[in-house]
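Here are some notes to read alongside the structure. Please keep the sequence open while going through the points.

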Amino acid sequence: MGFLIRLAITAVALWITTLIVPGVEVSGRSGTTTAVTLVVVALIFGVVNAVLKPLIRVFGCVFYLLTLGLFALVVNALLFLLTDRIARALDLPFHVDGFWAAFWGAIVMAVATWLISVVVPDRWEGR
């Protein structure tokens, strides 16, 4: 259940990102196509982050230390661009228009995901 909630949170954050950041867009023909695309791209984004981000942190720890963590912003943008490339390879109507759109898109995604996660817990305690 927690996985589905996290996937939904990421999909909503991605939708918010497409509304705020110029250059990040989903061009589905209908609302259903757009929603399915957002969920699939959110899944791709989650897998990319789960697999590559820990490896990048281990091998790039010197850059993280030298830049006081600012290198993480560049890594997040590159992972967002990789998500765009994978979505294109799967013929999904998702597009990120260059590095700066990916940079701001990754920041908005992180903030939106955090805000939504504060409101919606990923599991209910007790019951």
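**Notes on the predicted model**

1. Buried residues account for 35% of the 127 residues in the protein chain. The model is a predicted one. The accessible surface of the protein chain is about 8000 Å², and carbon and sulfur atoms hold 72% of that surface.

2. On overall dimensions, a compact globule with 127 residues would have a radius of gyration near 14 Å, and the 15 Å of the protein chain agrees with this. Along the principal axes, the C-alpha atoms fill a box of roughly 45 × 45 × 25 Å.

3. The protein chain contains 5 helices and 2 strands. Their order along the sequence is α-β-α-α-α-β-α. Of the contacts in the protein chain with a separation of 6 or more, 73% are between residues 24 or more positions apart.

4. Two packed helices are described by the angle between their axes and the distance between the axes. How do helix α1 and helix α2 pack? Helix α1 covers residues 2-20 and helix α2 covers residues 31-59; the angle is about 110° and the axes lie 8 Å apart. Angles of 65 to 115 degrees count as roughly perpendicular, so α1 is roughly perpendicular to α2.

5. Which residues make this contact? From α1 come Phe3, Leu7, Thr10, Ala11, Leu14 and Trp15. From α2 come Leu38, Val39, Val41, Ala42, Leu43 and Phe45. The residues of the contact of α1 with α2 comprise 11 nonpolar, 1 polar and no charged.

Terms used:
Residues are numbered from 1 along each chain as its sequence is written. This is a predicted model: local features need pLDDT of at least 70, side-chain atom pairs count only at pLDDT 80 or more; totals for chains, interfaces and linings use all residues. Side-chain values use heavy atoms; hydrogens and water are left out. Axes are lines fitted to C-alpha atoms, for helices over the stretch in contact, and angles run from 0 to 180 degrees between N-to-C directions. Helices (H or I, at least four residues) and strands (E, at least two) are DSSP runs, numbered from the N terminus. Angles under 35 degrees count as roughly parallel, over 145 as roughly antiparallel, 65 to 115 as roughly perpendicular and the rest as oblique. Contact means heavy atoms within 4.5 Å. Ala, Val, Leu, Ile, Met, Phe, Trp, Tyr, Cys and Pro count as nonpolar, Asp, Glu, Lys and Arg as charged, and the others, Gly among them, as polar. The radius of gyration is taken over C-alpha atoms; the globule rule is 2.2 Å times the number of residues to the power 0.38. Buried means under 20% relative accessible area, exposed over 50%, partly exposed in between (1.4 Å probe, protein chains only). Accessible areas come from the Shrake-Rupley method with a 1.4 Å probe; for residues, only the protein chains shown count as cover.
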